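User: I would like to learn how to read a protein model feature by feature. Please take me through one.

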Amino acid sequence: MSTLKNQLAFFGQFRKRFETTGAIAPSSRFLARSMTSYLAARVPGVPVRILEIGPGTGPVTDEIVRTLQPGDHFDLVELNDEFVRILKARFESEPHWKRVASQCTVHQLPVQEFQTSEPYDFVISGLPLNNFPVDLVRVITDAYFRLLRKGGVLSYFEYMYVRPIRRVITRGKERERICAIDDLLRAYCDQYRIRRDNIWINIPSAWVQHLQTK
Ligand SMILES: C[S@@+](CC[C@H](N)C(=O)[O-])C[C@H]1O[C@@H](n2cnc3c(N)ncnc32)[C@H](O)[C@@H]1O
């Protein structure tokens, strides 16, 4: 029931704020599991710091809260006030969210303005970078690496073949924008990628990129 409610809320925000919402439906369980796979495989008993960027209605958050252990610290950064309201309500009402609520903080602001005194072991991002101006993508990817500790893992997803297709079918300024984003993300992947997962069961299908700083 709450899943359907969250899906409808997500679709409503897609219609109202297409550019920042970036998808018609929340991520599938398969995508959420891939996004959290490095976190799920961390050394047991050693507390970690986790940052989720753009949690939306919380499909990836739901996997994160299931893996949280005592001593872990989990911050969520979400721009959209309606999604923040839904996330806070889930921390108050869903038993497995409630269990770890004291270790979790929802922050409402754009990630590029988010500051922390300590970097994170895991940064998990659902931002629709392909929708943004290239300067914003540059600022956001700088923020990812500013917020990630050395040796930490960044996991983010992107819908399959969006940039390769748009590179071919667009012209002028839009083509320049897509090519610049593609070049920027490709350079990060060339330098830091440790794995890419193909997630076919998602709307639309997606690649999950896992990067680790040295
Ligand atoms: C494609 S949705 C992903 C939602 C969710 N993680 C999922 O997988 O279903 C993108 C999310 O990023 C949020 N967002 C967009 N730009 C943001 C920014 N600069 N800072 C923080 N959140 C942002 C949107 O409000 C939305 O919740």
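User: In which strand does E52 lie?

Analyst: First, the ground rules. This is a predicted model, where local features need pLDDT of at least 70, side-chain atom pairs count only at pLDDT 80 or more, and totals for chains, interfaces and linings use all residues. Residues are numbered from 1 along each chain as its sequence is written. Helices (H or I, at least four residues) and strands (E, at least two) are DSSP runs, numbered from the N terminus. E52 lies in strand β1, residues 49-53.

User: Is E52 buried or exposed?

Analyst: Count C-beta atoms, placed from the backbone: a residue is buried if 20 or more others lie within 10 Å of its own, exposed if 12 or fewer, and partly exposed in between. E52 has 29 other C-beta atoms within 10 Å, so E52 is buried.

User: Which residues does E52 touch?

Analyst: A contact means that two C-beta atoms, placed from the backbone, lie within 7 Å. Not counting residues up to four places away in sequence, E52 touches V60, T61, I64, L76 and I124. Take I64: 12 residues from E52 in sequence, it sits 8.9 Å away in space, C-alpha to C-alpha.

User: I64 belongs to a helix. How many residues of α5 are buried?

Analyst: Seven of the nine residues of α5 (residues 59-67) are buried, so this helix is mostly covered. The buried residues are P59, V60, T61, D62, E63, I64 and V65.

User: Now the sheet. What is the strand order?

Analyst: Pairing comes before order: two strands pair if DSSP finds at least two bridges between them. Here seven strands form an open sheet in the order β3-β2-β1-β4-β5-β7-β6, with mixed pairing. β3 (104-108) and β6 (193-199) stand at the edges, each with a single partner strand, so one side of each has no neighbour in the sheet. Angles run from 0 to 180 degrees between N-to-C directions, and axes are lines fitted to C-alpha atoms, for helices over the stretch in contact. Neighbouring strands of this sheet are turned by 15 degrees against each other on average, direction ignored.

User: How many bridges join β2 to β3?

Analyst: Five bridges join β2 (residues 73-78) to β3, and the two strands run parallel. Helix α6 (residues 81-93) lies across β2 and β3, running at about 165 degrees to β3.

User: What surrounds V208 at the other end of the order?

Analyst: V208 is in strand β7. With 24 other C-beta atoms within 10 Å, V208 is buried. Leaving aside neighbours within four places in sequence, V208 is in contact with L31, S34, M35, S155, F157, R196, D197 and I199. The C-alpha atoms of V208 and Y159 are separated by 8.7 Å, although the two residues are 49 apart along the chain.

User: At what angle do α8 and α10 pack?

Analyst: α8 (residues 134-147) and α10 (residues 172-192) pack at an angle of about 20 degrees, with axes 9 Å apart. Angles under 35 degrees count as roughly parallel, over 145 as roughly antiparallel, 65 to 115 as roughly perpendicular and the rest as oblique. α8 and α10 are therefore roughly parallel. For handedness, a crossing is left-handed if the near helix is turned anticlockwise from the far one by less than a right angle, and right-handed if clockwise. The crossing of α8 and α10 is right-handed. V134, V137, R138 and T141 in α8 meet R177, A180, I181, L184 and Y188 in α10.

User: How does α9 pass α10?

Analyst: α9 passes α10 in a left-handed crossing. Their axes come within 9 Å and cross at roughly 145 degrees. R163, R166 and R167 of α9 make the contact with R175, I178, C179, I181 and D182 of α10.
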